[in-house]
Amino acid sequence: MTALNRVPSLMARAGTASALTLAAVGGSIVVPGAASEAAAASAATKALQIAASKKGSPYKWGATGPHRFDCSGLTLYSFKKAGKKLPRTAAQQYNKTRHVSASNRKAGDLVFFHSGGYVYHVGIYAGSGKIWHAPKTGDVVRLQKIWTRSVWYGRVK
C-alpha cells in the first residue's frame, strides 16, 4: 500500500489529521477560500479558449455577449464562463487583477492598454505577443499582435 492510499484510512482512524501528518504521508491540504495557482491557471486557459471561440463575433459598444462584444465585454464573458467574476469596464478590471510584469505574463492574463494612467482597452493574452480582443466598431473579435508598449498585464484572481 502506498502512502497516498493510506491517507483515507489514517484519517478514518484518527477522525482528523494534522497538516504535518498529511504532509508526512503525502497528502494535500486544502485551505478554505484560497484558490490554488493551478485552479487560477486553468480558469485563465479556459477563458482564453472561450474568447478564441468567439472569433468573428461583431464588436458592439456595451455588449457582453454571447454574440456581440465590446473589449471588456469579451473579457467579462470569457472569465464568467470560466468561473471567475470580473467587473464591467477595462479600468475596473485592471483594478481587480493582480498586476504582473511583461516578463511574467502568461497566456490567459489580461492585457490593458493605457495612455498615461487611463486604461482604454483590454484583451486576453494568447502568447507570442498576441491577444484575443474585440477591437472597435466595425470590427470583429480576433487574434492580433500587441501594437504598442503602453500596456499593463493583470492576472485574474
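**Reading a predicted model: surface, confidence and aromatic pairs**

Me: Why does Tyr118 count as exposed?

Reply: Tyr118 counts as exposed because its relative accessibility is 57%, where exposed means over 50% relative accessible area, buried means under 20%, and partly exposed lies in between, with a 1.4 Å probe and protein chains only. This is a predicted model, in which local features need pLDDT of at least 70 and side-chain atom pairs count only at pLDDT 80 or more, while totals for chains, interfaces and linings use all residues. Residues are numbered from 1 along each chain as its sequence is written, and side-chain values use heavy atoms, with hydrogens and water left out.

Me: Which residues make the nonpolar surface patch?

Reply: A patch is made of residues with over 30% relative accessible area and no salt bridge, where like charges are joined within 9 Å and nonpolar side chains (Val, Leu, Ile, Met, Phe, Trp, Tyr) within 5 Å. A salt bridge here is a side-chain nitrogen of Lys or Arg within 4 Å of a carboxyl oxygen of Asp or Glu. In this structure Tyr118, Tyr120 and Trp147 make a nonpolar patch of about 380 Å², an accessible area from the Shrake-Rupley method with a 1.4 Å probe, for which only the protein chains shown count as cover for residues. Tyr118 lies in strand S3, residues 118-127.

Me: How many helices and strands does the protein chain have?

Reply: Helices (H or I, at least four residues) and strands (E, at least two) are DSSP runs, numbered from the N terminus. The protein chain has five helices and six strands, and they follow the pattern α-α-α-α-α-β-β-β-β-β-β along the sequence.

Me: Where does pLDDT stay under 50?

Reply: The predictor's confidence in each residue, from 0 to 100, is called pLDDT. Its mean over the protein chain is 83, with 75% of the residues reaching 70 or more. Over residues 1-34, however, pLDDT stays under 50, and the model has 18 contacts (heavy atoms within 4.5 Å) beyond four places in sequence for them.

Me: How many aromatic pairs does the structure hold?

Reply: Rings of Phe, Tyr and Trp (its six-membered ring) pair if their centres lie within 6.5 Å, and planes under 30 degrees apart count as stacked, over 60 as edge-to-face and the rest as tilted. The structure holds six aromatic pairs. One of them joins Phe69 and Tyr77 edge-to-face, at 5.2 Å centre to centre with 65° between the planes, and both residues are buried. Tyr94 and Phe112 form another edge-to-face pair, at 5.1 Å centre to centre and 80° between the planes. That pair links distant parts of the chain, since Tyr94 sits in helix H5 (residues 90-96) and Phe112 in strand S2 (residues 110-115), 18 residues apart.
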